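Let's read a helix and a hairpin together. Have the viewer open.

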Amino acid sequence: MVDMNPLKPLQPMPLSMMQYFRESYIVQGWLVLMLCFFFGGTLSGVQLKLNPIIEENKANETKQRIPELLLGPSEAQQPLDLKLHTIEVEKKGRKVFYNVYEARFADGKLAGWVTKAVGQGYADRIELLLGLDPNAEKITGVFILDQKETPGLGNKIVTEKWRSQFAGKETKQLLTVVKGGVKADHQIDAISGATISSKSVTAIINTAVNDLKGKLRG
Amino acid sequence: MAEQPTASERFIQGILPENPVYRQVLGLCPTLAVTNGMKPAMTMAGAVLFVLVCSNIITSLIRGLLKPHLRIIVFTLTIATFVTIADRFLAAFMYDMSKALGPYIPLIIVNCIIICRCEVCASKQGVFTAASDAVGQSLGYALALSSIAIVREVLGTGMIFGYRVLPEAWPDWSIMILPPGAFLTLGLLMGTVNWFSERK
Amino acid sequence: MNYIVDILLIAISAALVNNFVLYYFVGICPFIGVSRRVDMAFGMGCAVTFVISIAAILSWSITVFVLAPGALVTKWAAGFFVSAQEAAQIDLTILCYLVYIFAIASAVQFVEMYVRKFFPPLYKSFGVFLPLITTNCAILFACLTIMSKVVGVDNPADAWDLGRSLTLAVFGGVGFTIAIVIMAGIREELDLCDIPKPFKGPAITMIVAGILAMAFMGFTGVDSGLKNALTPPAQEDVQK
């Protein structure tokens, strides 16, 4: 068994000069202070060295998805110039911000827009990327960045098969979720056993499209 | 005072006889949370290895200067610093994993294993013994994590490290990668380990 | 109205849906160690709730006023040494783990002294648990969750204020209390059962916790359902 409490009472015993010095409060305080300086220096070194890499990682997470979202998987190798805008939308007295990437081809032609959108899912927040064509008339693709839906059911929203339904949908009409087969253009087939997750994703997309439709111009 | 174990004894004790999870029942929070796959479990074990070795070495180096009433502060300071370093390194070089592990990396600070090893071993013994104790304990921890993670990942998804080992027809037991699966697996494995060690 | 709905959702989510113990696995050590008797479990739960609220207030203020990029105090202090523009960019979030753990440790010390001096009966009922709480992951976990909601959110309007943070902390503590009290109730009964010897102690507790976690999974979706019921869903809001 592990001895969890080996703190023993200080025994009164004659101290030699050296021991007295070692156990005085000044030396102890000095030790903690030195450790603080040492650790502080180490941490600032780590921060200076690694922070640029971490920031880049965070940005890349979004950026590397953009070509695939806008141009489709077959032409995803094409390089795009990206510019980040923050778009402010006023909704019922509440301000909502969207981080929108403007993507242009090398020759300056607008390729489309990619925005980050968040909303409530079945279990937790769902964070996704939504690609729109230059005039925001069509959805070009959807990618789920973060979700905690039920494994085996709701988390099928991340699959290519389900996400690809959104590509090519027009933004004129709101998307609706139906069960068991799509009959009209603006319909999305629900994942069986995960209707709420499917509806949540569609609602997030509808809201984002509706907020941004008028604001994105080439 | 009782004779302190030597470096090799410390090393071996950490792996099975004093296994941090099965024997000492310490550090259960990350054990349960990150074992839904082998990859996060091994990353976690690596982070614990780094933090435990570094803080054991530092503690052992300054053990002559420490006084009882200040030692907990010094331990915590040391551990928190190394956890921050480990966290930053993960975020810089294994961004996916750092995102998947989320708050459980910083929670190593309050993991009882590390402060317990600083207290029991490193603050009393030399640098070499402390280091081998740290490696032994972390290996024991890694062993415990991987035993749970293998059961959960294979039954939950039919895969290990993302490679399929069970046939496609396997109906994934989603419950195993959900929170209840963690409790059930650990409970059953713990009972099994107890049963084996009693039979010996 | 929106704000009240927000608070309600955070509360339900922290206490039931994403229970600290049964969903996030934090605070397992006291959950296993101090769940032998219902009254002790309740005392532990109260102590955790109390400390977690204080830690949440502390960590929220420290994060917002000192650690976050462009925080007031740091900006003011650094303004003496560097230009105002550089001072506004100082980001101290790397220190957050160190600062939080010390904030928690000192908060626990002060609470213990204060309660012992001014509320002796209260101290008798849960004072013994206070020192144990310093190394309880639930507290640090609450601080970290609050930090992740304050620093680095895309939308500045979404950053949590003190009210939201405190709600998360208090109801996280309530959730912990609920879980540990239920567990203690079951364990009191388990003492009368004939359990195979190797499973006695932590092993059977884990299995019971697994079944409890399954029961709590039934709450999944309650928060999103409530949100849809309380706030008009996106569909209607678009068609007007």
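**Helix and hairpin**

Q: What span does α5(A) reach from its first C-alpha to its last?

A: The expected span of a helix is 1.5 Å times one less than its number of residues. Helices (H or I, at least four residues) and strands (E, at least two) are DSSP runs, numbered from the N terminus. With 18 residues, α5(A) reaches 26 Å, close to the 26 Å expected. This is a predicted model: local features need pLDDT of at least 70, side-chain atom pairs pLDDT 80 or more, while totals for chains, interfaces and linings use all residues. Residues are numbered from 1 along each chain as written, chains are lettered from A, and side-chain values use heavy atoms, without hydrogens or water.

Q: How many residues of α5(A) are buried?

A: Buried means under 20% relative accessible area, exposed over 50%, partly exposed in between (1.4 Å probe, protein chains only). In α5(A), 13 of the 18 residues are buried, so the helix is largely enclosed by the rest of the structure. A:Ala208 sits in this helix, residues 195-212. A:Ala208 counts as buried because its relative accessibility is 0%.

Q: Which residues is A:Ala208 in contact with, leaving aside neighbours within four places in sequence?

A: Contact means heavy atoms within 4.5 Å. A:Ala208 touches A:Tyr98, A:Ala117 and A:Leu130 by that test. A:Tyr98 is 110 residues away in sequence, yet 8.4 Å away C-alpha to C-alpha.

Q: In which sense do β3(A) and β4(A) pair?

A: Two strands pair if DSSP finds at least two bridges between them. Here the sense is antiparallel, over eight bridges. Four residues lie between the strands of this hairpin. A:Trp113 stands opposite A:Leu132 in β4(A).
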